[in-house]
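The structure is shown first.

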Amino acid sequence: MGDKHVVRFEPVGIEIEVDEDQNILRAAAEQGVQLMHGCKEGQCSACKSFVLEGEDIEYDSYSTFALPDYEKEEGHTLLCRAHAYEDLVIELTNYDEEIIRSGLPLTKGVVEVVSVEAVTHDMRHLTVKLVEPSEIKFFPGQYMDLVCPGTEESRSFSMANTPNRDGTYEFVIKVYPGGLFGTWLDEKAAPGDRLDVEAPFGTFTLRQNRSSPIVFVGGGAGMAPVLGLLRAMAEGGVERRATFYYGARTAADLCFEKEIAELAPQLNGFRYVPALSDVDGGDGGDWAGETGLITEVVRRNESDLKGADAYVCGPPPMVDAAIATLTQLGVSETNIFYDKFTTTGEQEGEDGQQ
């Protein structure tokens, strides 16, 4: 272990101790401080902050799309890649004090595969059951790191289920050709297989003190965290009005249609709006629903979203386009919560944060 330094976060006034061998985001999470973050790999910029005091910071590799050189020179930093080598004061530019102070402890454990089911040609519904410890706590919408068997490589996947006493966890995972975890999942995974895991991560969670309507925008494996939130809203009797815009390429890429239809009567004024970007592909010849990019569909169906909360999850280009569309329609940037499903390793096309 290296030397320890104090990192103070403003404007919330929270201080943590950070070992030089840890990145700042990891150190905060271990101490129950839930900072805004997404991929944890320096690719999505969700944890981008500003250094007010201190200069001695070393970085793990990161994408210059997430932190361009000119922003770094101005004082911006990525907490998931930054190592403190002196005391620092950091201004959180993207934060939610309710979430920061309600962080759950990171817990490592072991799970056992219960089932793997194909829900589309390239997405799998993975169900696992906790072997040890007796419980890993999480909030609906958060994600778990799973270590690919036979390797030390982990991948992050959003949980589609709500917290439950029997310790089961569900994931909707997109399988990329040649991807490390996806290849194992598609070709080798079997009931009884065990995986090392760690959770919870992520801040894609329902803000409890709010009554404003909600707009969900997702695509692909972005189904998982939204499904978790919808299930939680139904279980908890949450009365906030919600609309879920879900983008798929063809009709064959849609999934969980039956369950969403069954959830709808349990939710207040809920609308599910699936859309196809390639209506001529697959078996969508008789498709009578929305077509086009999901951001175009949102714009056609919504004229004024002032006062709403928005939850966006999917590939980075979709998330960025959705954020721009939602702000133009009146959603405050502080009320847009997002997960960018980045990829780990360009050569693999592997799942990153799902």
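Predicted model: local features only at pLDDT ≥ 70, side-chain atom pairs only at ≥ 80, totals over all residues.

R8 has V89 as its bridge partner in β7. Strand β7 (residues 88-91) runs parallel to β1, and four bridges join the two.

Residues are numbered from 1 along each chain as its sequence is written, and side-chain values use heavy atoms, with hydrogens and water left out.

β1 also pairs with β2, in the antiparallel sense and over six bridges. In this pairing H5 stands opposite V18 of β2. The two strands form a hairpin with three residues between them, and G13 in the turn has a positive phi of about 70°.

In a regular strand the side chains alternate between the two faces of the sheet.

| Face of β1 (residues 4-10) | Side chains | State |
|---|---|---|
| One face | H5, V7, F9 | buried |

A nonpolar core is a set of buried Ala, Val, Leu, Ile, Met, Phe, Trp, Tyr and Cys residues joined through side-chain atoms within 4.5 Å. The largest has 32 residues, and those touching the most other members are F216, M223, L230, M233, F244, Y246 and Y311. Two or more residues each come from β14, α5, β15, α6 and β18. With eight residues, α5 gives the most to this core. Another core, of 26 residues, lies apart from it and includes F9, I24, A84 and I100.

Helix α7 (residues 294-301) has I294, T295, V297 and V298 as its buried residues. Seen down the axis of α7, these fall within an arc of 160° (taken from the directions from the helix axis to the C-beta atoms), so they line one face of the helix. They pack against β14, β15, β16, β17 and α8.

T168 lies in strand β12 (residues 168-174). Leaving aside neighbours within four places in sequence, T168 is in contact (heavy atoms within 4.5 Å) with V128, K129 and N161.

Terms used. Buried < 20%, exposed > 50% of the residue type's maximum accessible area, 1.4 Å probe, protein only. Pairing = 2+ DSSP bridges.
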